[in-house]
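Subject: Structure handover

Dear colleague,

Please find the structure below, with notes on what was found in it. Comments are welcome.

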Amino acid sequence: MSSTVTRTRLAVAAATAGIVVLAGCSSSGSSDKASASSCEPAKGKVTLQYWNTVPGMDKVVDLWNKQHPNVQVEIKNISNDQYGILGNALKANKAPDLAQVGYDELPNLRTQSAFVDASACKAATAAKSKFVPWTWSQTSFGGTGVFAIPQDTGPMALYVRSDLFKKYNVAVPTTWDEYATAAEKLHKADPNLDITFFDPNNAEWFNGLLWQNDAKMYGYSGDKWQVSVDSAQSKQVADYWQKLISEKVVRTDLAHGSTQMYAAYQKDQIATYVGAAWGYSMFRDNLPKQAGKWTIVPMPTWGANGSSGDWGGSTVAFMKGSRHLYESVEFNTWLNSDPDALALENKLGGLYPAATAGLDLPALQQGVPYYDNEKIFDVFADASKKIDTSFAWGPTQKTVNLALQDAMAKAAAGSGTLTDALATAQAAALKSMKDQAIPATAGK
Amino acid sequence: MTDLATRSAGVRTTPGGRRRPNGGGPRAATVAAFVTPFFLPFLLFYLVPVGYALWQSFRVVRRSGGQYGTSYTTFGGFEQYGQVLQNTEFWSSIGRIGLFGIVQVPVMLFVALIIALLLDTPLLRAKGFFRIVAFMPYAVPGVIAAIMWSYLYSPQLSPVVDLLNGIGLHPDFLGPGAVLWSAANVSTWLWTGYNMLIMFSALQSIPQELYEAAKIDGASNWAIAWRIKVPIIAPSIVLTTVFSIIGTLQLYAEPAVLRQISSNISSTFTPNMLAYTVASGNNYQQAAAISVVIAVITFVLSFGFMRLTSKKAGL
Amino acid sequence: MSNPTTTRESRVSRTAAMGLMLLLAVYFLLPVYFLVVASTKPQGDLAATNGLVFSHFSLFENLRTLFTRSDGIFGRWALNTVLYAVLGAAVGTLISALCGYALAKFTFRGREFLFSVILGGVLVPTTALALPLFLLFSATGLVNTYFAVFLPSIVSPFGVYLARIFANASVPQELIESARLDGAGEFRIFFSVGFRLMTPALVTIFLFQFVAIWNNFFLPMVMLQKESLFPITLGLYEWNGQTARAPLLQESIITGSLVSILPVIVVFILLQRFWRTGLAAGSLK
């Protein structure tokens, strides 16, 4: 989902968010009650505010409002500058009860004291079993509370132009080693053909690859954040892609989702796409002429490690200042685990559910015409169960992502390597946390 | 009113405005009525934010308690400035923009000067047309200009790239080495006509008699242009240079648009982009310090340039 | 043209000059020409056909798409742009004129100091002001409103600078004195004498400020989140960033760019002489 927003705009959005939140801190000295707030049902009618960026969410909320006359939900679409608007509202103490927040933005907002812990509500803690494990691990910050309910995810898989693989008689890879071999073969067969593209300005995507290799970027022990963005697992991924880049068997000049990217696919210049579940509609809608040529298979694996990665997805967070925690929990759990709600969200908003029940939705059981009527969602459902649950994001993730991107762009342009880029990101993580007075040290 | 101005502005300008004896002008209330409608918004939307940025730049974030904790800000002296000056990204963005300015500004002003001089000679026909054509880009906002040019740079869409490919050239306008100059080209395209018009206006206001004599002596158009006209309009050239320096240091919109299609424009490409990237990491105080440093550099460069040229030319 | 002695040197020069200017003209016109061609094409032809050659003509189709997209948001942006840039420049010109006139024609204590403070404002990078302004405005609830962009836009130190020069140059002190003798108040004198004499100059100030607001992308970007408040530039920038998920936007970005710059180009060309007087006055001081 994150790909809808431009990076620059995102940066400014985040800038505004950051400014607002900090300004709020300097003036009012906000406080983060880590202890759970009380959870009493309200007497009488309640109205909840819920801000989100999902197309068609109004229909889902209509469904709830019809069934629950005493808990009415009002929604606002903030897809344009999501974090800017949120930050603004937090500063003015006008945050909604519930708001959509990406997984990687959760720790940052928590350090800005944006959330309330809903764990006093039994329904909130009980919801744990309803969600894909890694998602709950992130919204509960490793089981220390309930700050958000998972909404959707982006389990990763490999999109393959099976016709091109067939044409050049190359086997569809199942491991990253095979993938590298396939890359060489395809490029040799047709010098204008590359196996994929590496977008240096897409740290979110690269993080998904690191996640797949069980890289642990952040931990917390000894009263300090342990930062290991450049761990051995991360370096393995970086070295791998660096090799493909150096051998010029992957393109580095295409931005993810750009017209140029689609044009390259259109011209049969790229044979695969390492993508997430939500990407299936991108190809369907932008490359209609290639219907039937695409298939989706599991991500290539690192040797015997069968893990997958996640790229994108969101949660619905309990925002500080919510007056109706009990009702917020009711609505939030319904919104993200009720089969009717999930079906609508999938149909109208293209969400790939974080709830385990959602993976069994009828819509996700059927063959998809564009992909030759294959049941592509089986691949994603399977991937979604194989995602490392202990992975955690950092409290200055956005800054680290930007630093990583800048350094990866340099590597792609031939100065430095992706491993250098990891070192740069590691340094940026430590520095940005120091700037925010967050105690941190380089992890083992 | 005046007292207010003195107090709030004392930070930024060298004090010591020359006093004049209160002549036979209108009453103070009348003066205030003329000046206030401008000065009040100027105070609120120019001076106060400048003061606020200064104040912010001396603060640092502190935090209490636990893994996530609670943040607050406190006085930190020159800590943010120290960090800015030690930040290699900051110096590379300054270096990048310096290189940009050293090349782009002279090239642009030279082209502008040539056009202005040509329009002021009898050598050209259809002068009105050329003047309009050169000036027209000034009507285009930077964002739209950058969007237009990004289509002409894009390898998949550009007719220019197609054309050059056709003759065996394979330019990569968005490549790591070229993208700075692609951005420079957008600025040049946008501002050449504007600078040209400043110079041209200055040329037009030179009395013809000044070079009638030279013409009679048989001086060529070139000689007249370089020996007589250019020295006379030197103040305009200085002015356009100063404006160009200010503009270069503020560069944001054009590279931001190009960044949408090229990963070779980093998030810290220009000093302004760096400031906003730093702010996006919740580090507003440091972003403020960066803005202050940029403003100081702008001041030093533009004043310095004016000083230098006015001394040299005795203007 | 009036030179009667057509020497060989000047014939060569003529050809060289013409050649150079033609080349430069191509450079200046190229992107606009591309825009014109591209805005007449259907989306599918953008990448598929040569960008400098017309193909299937679907300008009207494109225009309809542009103005109906997202409930006609583009029309709204156009209206906003007019409000910010035209109204903002008009108000800004008036207050600049009042202030510049006072600085030129009245003697009062601290006059030169006030002027140098305002002149210092010319050198303040406006982008450096946007973030602190945002913080201040969010404290007062002005963020994400028309005023958040409009109010800072009316302030133009450069306008005051020009107004002072113009007032000095075009309003004779004797006229003011004689009006005073007739018993007219200062405002009356300003509007009946000063304003009238300064009118061409005021058009220039207006144009400068219009361009400054029309060009200022950063302030609205920081201040506004509601799409319905956007000026055209910010709206197109947003669309440009969304082409990833919605490539069909491309045609609207191109058509929208053309639609928004054409009227400004036309107005600029019509008002050309005001630029020249303004620039001459501004640069010779």
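A residue is called buried if 20 or more other C-beta atoms lie within 10 Å of its own, and exposed if 12 or fewer do. Please keep in mind throughout that this is a predicted model.

Chain A, Lys320

By that cut-off A:Lys320 is buried, because 20 other C-beta atoms lie within 10 Å. A:Lys320 sits in the loop between β9 (310–318) and α13 (325–337) of chain A. Setting aside neighbours within four places in sequence, the contacts of A:Lys320 are A:Leu90, A:Ala95, A:Ser113, A:Ala114, A:Phe115 and A:Val116. By contrast, A:Gly279, 41 residues away along the chain, has its C-alpha atom 33 Å from that of A:Lys320.

Phe318 and the nonpolar core

A:Phe318 touches A:Phe115 and A:Val116, and also A:Leu98, A:Ala118, A:Phe147, A:Ala148, A:Leu325 and A:Ser328, when residues up to four places away in sequence are not counted. The largest nonpolar core holds 321 residues, and A:Phe318 is among those that touch the most other members. The others in that group are A:Ala317 and A:Ala425 in chain A, B:Ala116, B:Met199 and B:Ile290 in chain B, and C:Cys99 in chain C. Helix α8 (residues 179–204) of chain B gives the most to this core, at 16 residues.

Domains of chain A

Domains of chain B

For chain B the assignment gives domain 1 (2–8 + 22–75) and domain 2 (79–313). The C-alpha centres of these two domains of chain B are 32 Å apart. Eight residues of domain 1 of chain B meet nine residues of domain 2 of chain B. On the domain 1 side, α2 and β1 (59–64) of chain B each supply at least two residues, and α2(B) gives the most, with four residues. That side comprises four nonpolar, three polar and one charged residues.

Chains B and C

The contact between these chains takes 88 residues from chain B and 83 residues from chain C. Helix α2 (residues 28–57) of chain B gives the most to the chain B side, with 17 residues. By class, the chain B side has 60 nonpolar, 23 polar and five charged residues.

A helix pair in chain C

Helix α3 (residues 59–105) and helix α6 (residues 146–153) of chain C pack at an angle of about 40 degrees, with their axes 9 Å apart. The crossing of α3(C) and α6(C) is right-handed. From α3(C), the residues C:Leu83, C:Tyr84, C:Gly88 and C:Gly92 meet C:Tyr146, C:Val149, C:Phe150 and C:Ser153 of α6(C). The residues of this contact divide into five nonpolar, three polar and no charged.

Regards

Conventions: Residues are numbered from 1 along each chain as its sequence is written. Chains are lettered from A and ligands numbered from 1 in the order in which they are written. This is a predicted model: local features need pLDDT of at least 70, side-chain atom pairs count only at pLDDT 80 or more; totals for chains, interfaces and linings use all residues. A nonpolar core is a set of buried Ala, Val, Leu, Ile, Met, Phe, Trp, Tyr and Cys residues joined through C-beta atoms within 7 Å. Two residues are in contact if their C-beta atoms, placed from the backbone, lie within 7 Å. Ala, Val, Leu, Ile, Met, Phe, Trp, Tyr, Cys and Pro count as nonpolar, Asp, Glu, Lys and Arg as charged, and the others, Gly among them, as polar. Axes are lines fitted to C-alpha atoms, for helices over the stretch in contact, and angles run from 0 to 180 degrees between N-to-C directions. A crossing is left-handed if the near helix is turned anticlockwise from the far one by less than a right angle, and right-handed if clockwise. Domain bounds come from an automatic or database domain assignment.
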